[in-house]
Structure formats: structure tokens, C-alpha cells
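Good morning, and thank you for making time for this presentation. I would ask you to keep the sequence and the structure in view as I speak.

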2 protein chains.
Amino acid sequence: MSTNQRIDAKRLWDSLMAMAEIGATPKGGVRRLTLTEVDKQGRARFTEWCRAAGLSLRVDAMGNMFARRAGRDPARKPVLIGSHLDSQPSGGKFDGALGVLAALEVIRTLNDLNIETDAPIEVVNWTDEEGSRFGHSLLGSGVWAGAVPLDKAYALADQQGVTVAQALDAVGYRGPEPARPFPADAYFELHIEQGPILEREDRAIGVVTGAQAMVWYDLCITGQDSHAGTTPPSARKDAMVGAARIVDLVDRMMRARGEDGRGTVGFMEVRPNSRNVVPGEVLFSAEFRHPSDAEVAAIDAAFQAEARAIAAALGLGIEINRLFVNPAQPFDVACVGLVREAAQRLGMAHRDIVSGAGHDAVYVARVVPTAMIFVPCKDGLSHNEAESILPEHAAAGAQILFEVALARANRPLA
Amino acid sequence: MSTNQRIDAKRLWDSLMAMAEIGATPKGGVRRLTLTEVDKQGRARFTEWCRAAGLSLRVDAMGNMFARRAGRDPARKPVLIGSHLDSQPSGGKFDGALGVLAALEVIRTLNDLNIETDAPIEVVNWTDEEGSRFGHSLLGSGVWAGAVPLDKAYALADQQGVTVAQALDAVGYRGPEPARPFPADAYFELHIEQGPILEREDRAIGVVTGAQAMVWYDLCITGQDSHAGTTPPSARKDAMVGAARIVDLVDRMMRARGEDGRGTVGFMEVRPNSRNVVPGEVLFSAEFRHPSDAEVAAIDAAFQAEARAIAAALGLGIEINRLFVNPAQPFDVACVGLVREAAQRLGMAHRDIVSGAGHDAVYVARVVPTAMIFVPCKDGLSHNEAESILPEHAAAGAQILFEVALARANRPLA
């Protein structure tokens with residue numbers, strides 16, 4: 001199975017750098033918020049490259065872009081490869097862009113080597129993966145996969161009151177194709193890990209077996225504002241102390257699950273937030289993630305009970321609003337197997353890994369056999385202008401993407 | 001010693017309500033920020049009442065107002081009674097105003113009963129007790145007592161850049177008298193407790209023996225921002241967890257001192273404060289108070305050591321900036337004794353109490369024999385538009401103020 005067909009590492013890197021010019025920030029990052037003029041420029045450059053590679057482009061009602069390289073057999077379902085070109089407000093050069101431009105590099109390599117495939121291959125750019133403008137991440141893929149109703153997505157507004165529908169029209173990307181699944185053979189997405197595991201273990205490739213389950217909460221602890229100097233211990237109802245003990249609970253519950261556990265309080269607002277007033281109210285977030293649905297269900301029950309017990313012991317009120325429970329999303333065993341085999345065949349250091357972050361692939365996996373490929377990023381840093389990867393890791397990931405797309409597009413059908 | 005000389009409870013209450021009209025808020029509170037047009041109106045009403053009571057008024061370079069009722073012996077040092085007329089931005093009707101208007105009621109009662117005193121009695125209105133406009137509480141009394149240099153006070157600016165000196169000129173209260181101590185026999189200040197102790201024990205009078213010692217800190221915990229989904233427990237440097245454990249430490253150290261302990265984290269700012277990012281930095285305040293200087297010194301040493309140990313155990317950085325240590329300020333034993341004896345003589349339920357809040361009396365006590373009288377306030381609530389007291393408690397406090405001012409002004413000199 002091993003061949004000497006190699007993607008062009010330099011061309012891939014040059015494309016990454018050229019895309020990073022669009023929305024470049026002074027600190028070396030990227031600000032390419034979805035459906036802005038900057039995103040429009042990024043899409044235009046991508047379109048130009050697709051046309052140069054001979055691809056035919058379709059745009060759907062959510063602005064998702066599908067650039068098709070025909071196969072020998074027009075009846076075969078296409079193999080989808082891609083990711084997203086939008087970024088966080090202070091984002092990096094590689095989050096999303098790597099997956100799209102590596103997919104383009106796969107096409108360019110097939111063209112260079114005059115390789116025809118049985119099935120078509122389509123490069124995908126999903127709209128609004130990041131969610132930072134309209135408050136809902138994975139929006140384009142979510143609508144496409146049927147997880148988010150189109151009406152609801154169109155109605156979401158940014159802080160200036162501009163809706164998704166208006167923003168799509170403004171950039172000219174409310175396309176004619178329906179935003180719903182079409183028959184596809186597989187979906188592969190290359191992405192930076194956005195975590196420290198591969199770098200720490202010095203492995204080039206993460207074979208992503210699926211996405212974690214997660215549960216998110218908003219909590220509000222209510223006590224009584226009072227004067228820090230005049231209120232004796234017996235009369236205090238200190239919402240801050242209650243919140244602090246729940247922060248510690250979240251950390252302990254995470255660590256009880258070992259290295260697969262995730263538990264975070266990332267947001268907190270203290271009221272009235274004055275140094276000589278015992279806080280009467282603390283609003284904060286909590287979230288847990290774990291590869292196992294059963295573990296997340298167990299965490300959910302125990303967390304709610306223990307948080308309520310902490311508040312009750314302090315005479316505090318507590319409201320726990322469970323925002324959602326997302327089940328674990330295992331990826332397709334055959335597709336994951338192709339990724340693992342390719343890494344083995346090419347002698348690349350690799351390991352199985354569960355995605356801790358959300359990705360378009362998690363929604364797509366609901367309707368199409370899916371797998372993901374991770375490559376290391378420096379210090380696990382992402383959603384940050386300092387986000388950085390090594391060119392050889394970008395090339396390694398793109399090479400794996402090439403291998404699995406080709407294998408899948410030429411696989412014998414039963 | 002007991003007499004049937006009684007202050008006029010209704011007149012006192014009417015004066016409180018009339019003063020509360022100036023800067024009245026829709027929710028029944030008061031917004032009478034120091035050295036504003038509203039404060040000027042309050043000062044004008046107070047001046048009018050002083051003149052009607054036959055008092056002669058002096059204003060010093062900090063706008064502190066001294067309204068004098070002459071004594072039989074012009075050589076005797078005056079007895080000072082008063083408090084402040086400025087309020088918090090969302091303040092109540094009684095914080096400060098009670099002490100000034102009860103002092104005025106003492107004068108009115110002496111006038112009604114044609115009582116001459118040996119020593120003069122002066123009603124005082126201290127400028128800017130609250131500190132909410134220029135960021136420094138107890139400003140007028142602080143300059144007067146020599147704790148704050150006049151230059152420094154004049155240079156303080158509000159959020160619009162207006163300095164104290166400019167604000168004094170704008171309202172016409174930069175007076176000709178020097179803002180420094182003059183010989184005075186005693187200072188008595190009636191104030192609401194601003195805490196729950198008297199109300200809980202159903203006592204009308206708090207015999208204030210002094211003010212607590214206190215130590216204030218700013219802390220900064222530094223970890224590393226990272227993705228909540230992708231960062232395994234072993235790779236986390238969660239500043240929020242460190243801050244939470246220090247909040248719990250503050251509470252535990254307070255409770256270890258019993259009912260005299262105070263320990264509060266009132267302010268916290270989390271960075272980047274995003275629900276799916278492990279916080280990389282948390283800024284927060286901490287403060288402790290206790291009647292004993294030795295206890296505060298012991299708390300200071302233990303707190304700094306234990307907070308550093310908590311951060312170190314989590315691999316976090318910590319900066320502890322100790323803003324100040326204020327020593328305990330005991331009040332004058334003879335003056336405190338007069339308050340206690342008056343309450344006993346009049347059969348009022350009372351108890352000794354240590355002031356948890358800062359008061360003008362704490363600075364004045366550095367240079368003049370001083371005592372304070374507390375009365376209960378509803379639910380211990382203050383610095384709040386809902387601040388509320390019972391008319392009978394206002395009257396009880398004013399009656400004690402009358403008794404002690406009269407006793408001190410007529411005391412035989414050695």
C-alpha cells in the first residue's frame with residue numbers, strides 16, 4: 001500500500017502563510033471573523049485557488065463551500081475533506097485553515113500526479129465554526145447536519161444586531177444549494193490538537209477516535225451583601241465562599257477521573273465586587289468533559305448534589321442551570337482505522353486521542369462516516385495569536401489526509 | 001445624676017427626613033456625594049438650622065464645619081459632637097446624617113431647657129467621610145487629625161478629573177480656618193452600627209470601645225490560559241483553583257478567631273473569563289480585621305505563608321501586595337465610660353462593641369479623647385438605599401449623646 005506519492009510541504013506552508021495575510025494581526029495572529037469583509041476576502045482567495053485547481057464550487061444556504069474534483073464514477077458518493085477558514089477575534093494562523101488548505105494540497109497533489117479517483121473528492125469550508133461573532137459555534141456544519149434549524153441560525157445576531165442571514169447576504173454567500181446533508185462517502189478533517197498531549201509525547205499524528213461528552217452549567221450563588229468590617233462570622237452569607245468551594249469541587253471531581261477528566265470554572269462574576277463588601281451574589285460557569293457518556297452522567301448527578309450541599313451548609317441559595325449535555329461522538333471505526341493504518345505505514349509516531357474541543361467533524365459524524373487527524377501545536381496553545389505549529393507537522397497531517405482520502409475514494413465497493 | 005431632660009424625638013426624626021429630601025433617590029435612599037451641588041444644598045440646610053439655633057459657624061480649609069454654642073467659661077475647650085452629611089452613591093438616610101442631626105438636637109434641647117454649659121459645645125460636619133467620589137474615605141477628619149497631608153487631599157481627583165481643591169471652591173466650602181486640630185475636650189459620634197449585632201441581641205445602644213485593626217491586600221494568581229476541553233489535569237495551571245483555595249483560607253482563618261474575626265474576599269477579576277478557557281490569571285482582594293493588633297499581625301504572617309504555599313502546590317505564581325496595616329484604635333476610657341454609664345442610668349439595653357467600619361471618630365481619637373455610640377439598623381444593612389432604623393433607636397442614641405455631651409461640658413476640671 002505504501003507509495004512515494006508525497007504532498008508538497010512547501011506549497012502547503014506557503015498557502016497557509018498567504019491565507020494568514022488576510023486578517024493578519026500585528027502580533028502574528030489572524031482576525032477573520034465569520035461572514036465579515038475579511039472572511040469574504042479569505043473565501044475569495046480560497047475560491048481562486050479552487051478554480052486554479054480545476055474544482056467546481058457549490059455554496060449552500062449557510063455559506064458552506066464545497067469544491068469538487070470529479071471522480072471516474074459519477075455515481076459514487078464524494079469523499080469530503082476540509083475544515084473552516086473563520087477565526088477567533090484574536091486567533092492563530094492554523095486553527096481551521098490547516099484543514100482546508102491541507103485538503104486543497106491533497107487536490108493539488110492528485111492533479112500533479114495525474115491521479116484519478118473512483119469517487120469525487122470535495123474540499124469543504126464550513127461557515128462559522130468559531131461562534132465568536134454570533135454566539136453559536138459549529139454553526140454551518142450544525143445546520144448542514146440537521147443539528148441546528150436553519151431559521152434559528154439565520155436569526156442569530158451579532159453585537160451590532162446584524163443577523164446571520166443579513167451577514168450572508170452582505171458578503172454574497174447565501175448560496176443556492178440547500179444546507180442539508182447530501183450523500184457522502186466519508187468526511188476527514190485535519191486540525192491542530194489545541195492541547196498539549198501530542199507535543200508532550202513527541203508524536204506527529206493524533207488518531208482521533210471521537211469527541212468527548214460534555215455537560216455545561218451556569219450557576220448562581222446567592223447570599224447577602226454586608227459590610228466586611230461589621231458582619232461577624234455567624235451573620236455572614238458569603239456567596240464568594242460558596243462559589244470558591246464549588247470551584248474546588250469541580251477540580252477534585254475532574255482529578256478523580258485521571259487524565260481523561262476535564263472540569264473547569266472559566267467564568268465568574270462577583271456582585272457587588274467591592275473589596276470591603278461581603279459578596280451577596282456570584283455567577284459562574286462550570287463544565288465537565290469525559291470520553292464516556294456514563295461518566296458524564298455520573299458527574300452530572302454527583303456535581304449537582306454536592307454543589308447544593310455546599311450551598312446549604314453555608315446557608316446560601318443556589319441555582320444550577322444545566323445548559324446542555326452533549327453525548328460523546330465516536331468517529332467511524334473504518335475511517336479512524338484508515339488514519340491509524342496510514343500513520344503506521346508511513347512510520348509516523350502517533351497515538352489515539354479523544355478530541356477535547358468541538359469540531360465541525362462532530363456534527364458531520366452524525367450523518368457521514370467521519371474521522372479526524374490531529375497534529376501538535378506549540379505548548380498546546382490555540383485561540384491565541386501566538387498559536388504555532390511546525391511545518392513538518394503540517395506536512396505530516398496533510399500527507400495522512402492525502403492517504404486516507406485516496407484510499408477511501410478508490411476503495412472497492414461491495 | 002438621672003434627670004428628666006429629654007431630647008425631642010419627633011423633631012429629630014423630622015430633621016432626618018428633611019435632610020433626606022436632599023439627594024433623595026426613588027428607592028427611598030440618598031445620593032449626596034461629597035462636595036457636589038447636592039452636598040452644598042445639604043450643608044445650606046444644616047447651616048440654616050445652626051443659625052436658627054444660635055450657633056456660630058466656622059469652616060476650615062477642608063470644608064469641615066464647626067457650629068459652636070458658647071459655654072459659660074470661654075477658656076474651656078469645646079466638646080465636639082457630630083458626624084458627616086455626605087453619602088454613598090446609593091446610600092441611606094441615616095449613615096452620617098444621624099450623628100450630625102442628633103448633635104443639632106442636643107443643642108436644640110439645651111436651648112429649649114435654657115441649659116448653659118461650662119464648656120462650649122460644637123456640632124461638627126466632617127467633609128467626605130464616604131470616600132466614594134475621590135477614593136479616600138475619612139478625608140476631612142483625616143486631614144484635620146493630621147493623618148492625611150492637606151496637599152495630598154487637595155490633589156485627589158474624581159473620575160471626571162475634578163480635584164478636591166477644585167470641588168471645595170466650586171461649592172464655596174474652602175474655608176478660612178486651618179484644617180488641623182484645635183484644643184478640644186472630647187469628641188462624641190453617634191452612628192448606626194452598620195452591622196447586625198445590636199439588632200440580633202435587641203439592644204438599643206452600642207458602647208463603642210474602639211475600632212478594629214485591619215490589614216488589606218491585593219493578590220494576583222498567575223497560571224496559564226488553556227483550552228478547557230483539551231488540557232488534561234496534569235497540564236493545567238488553573239489560576240481560578242488557586243484563588244478559590246485562598247478564598248477558603250481567608251474564611252477559615254476568620255472563623256478560627258471566633259466572633260471577633262473578620263476575613264473577606266470582596267473583589268475578584270478572572271482573566272480571560274471565558275467559560276471554556278482555563279483561567280490564566282485571577283486578581284482579587286483580601287482583608288482581615290480584629291480588635292487586637294497582635295492577632296492581625298499573626299494573621300498577616302500566617303496568611304501570606306499559607307497563600308504562597310497554596311499557589312506553590314498548584315504550580316501557580318502569586319503576588320501579594322499588602323496595601324496597609326491599620327492598628328486598632330482604642331477610644332478614650334473616660335469618654336467610653338460616660339456612654340456606658342448613661343445607658344445604664346437610663347435603663348437602656350446596651351453592650352460594648354468594637355467598630356468594624358471606619359469612622360471619622362477613629363482619626364479624631366488620635367488627637368482628642370473620643371467615644372462613639374451605636375444604634376441598631378435593620379438587618380445590619382447600610383451603604384444601601386434600604387438602610388433603615390427605628391425612630392426610638394434614633395431617639396435613644398440622641399439622648400445618650402445629650403447626656404454625655406452635657407456631662408463632659410459641665411465636668412469639674414482638676
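**A strand covered on both faces**

I begin with strand 4 of chain A, which is covered on both faces: I121(A), V123(A) and N125(A) on one side, and E122(A), V124(A) and W126(A) on the other, are all buried. Buried here means that 20 or more other C-beta atoms lie within 10 Å of a residue's own; exposed means 12 or fewer, partly exposed is in between, and C-beta atoms are placed from the backbone. Helices (H or I, at least four residues) and strands (E, at least two) are DSSP runs, numbered from the N terminus.

Before I continue, a word on the source. This is a predicted model, in which local features need pLDDT of at least 70 and side-chain atom pairs count only at pLDDT 80 or more, while totals for chains, interfaces and linings use all residues. Residues are numbered from 1 along each chain as its sequence is written, and chains are lettered from A and ligands numbered from 1 in the order in which they are written. Chain A averages a pLDDT of 96, on the predictor's per-residue confidence scale from 0 to 100, and 99% of the residues score at least 70. The model has an ipTM of 0.87 and a pTM of 0.87.

Which strands pair with strand 4 of chain A? Pairing requires that DSSP find at least two bridges between two strands. Strand 2 of chain A (residues 65-69) pairs with strand 4 of chain A in the antiparallel sense, over 5 bridges; there, A67(A) has V123(A) as its bridge partner. Strand 3 of chain A (residues 79-84) runs parallel to strand 4 of chain A, and 6 bridges join them. Within that pairing, L80(A) is bridged to E122(A). Strand 3, helix 3 (residues 97-112) and strand 4 of chain A together make a right-handed β-α-β unit. Right-handed means that, with the strands pointing away from the viewer, the path from the first strand over the helix to the second runs clockwise.

**The nonpolar cores**

I turn now to the cores. A nonpolar core is a set of buried Ala, Val, Leu, Ile, Met, Phe, Trp, Tyr and Cys residues joined through C-beta atoms within 7 Å. The largest one has 163 residues, and V106(A), V339(A), L401(A) and A405(A) have the most contacts inside it. Which helix gives the most to this core? With 11 residues, it is helix 12 of chain A (residues 391-409). Two residues count as in contact if their C-beta atoms, placed from the backbone, lie within 7 Å. Not counting residues up to four places away in sequence, V106(A) touches I7(A), I81(A), A398(A), L401(A), F402(A) and A405(A). Apart from this core lies another, of 98 residues, which includes L35(B), L98(B), V106(B) and A145(B).

**Where the chains meet**

The contact between the chains takes 50 residues from chain A and 49 residues from chain B. Several elements of chain B each supply at least two residues to its side, among them strand 8 (226-227), helix 8 (239-255) and strand 12 (281-290). Helix 8 of chain B provides the largest share, 9 residues.

G261(B) is found in the loop between helix 8 and strand 9 of chain B, and G261(B) is buried because 20 other C-beta atoms lie within 10 Å. Leaving aside neighbours within four places in sequence, G261(B) is in contact with P233(A), M254(B), R255(B), A256(B) and H290(B). P233(A) in turn lies in the loop between strand 8 (226-227) and helix 8 (239-255) of chain A. Beyond G261(B), P233(A) touches M254(B), R255(B) and E259(B).

**Backbone exceptions**

Lastly, the backbone. Most residues other than glycine have a negative phi, and most peptide bonds are trans. The peptide bond from R271(A) to P272(A) is cis, with omega near 0°, and the bond from R271(B) to P272(B) is likewise cis, with omega near 0°. N273(B), in the loop between strand 10 and strand 11 of chain B, has a positive phi, near 65°. N114(B) also has a positive phi, near 50°. Is N114(B) buried or exposed? N114(B) is exposed, because 6 other C-beta atoms lie within 10 Å.
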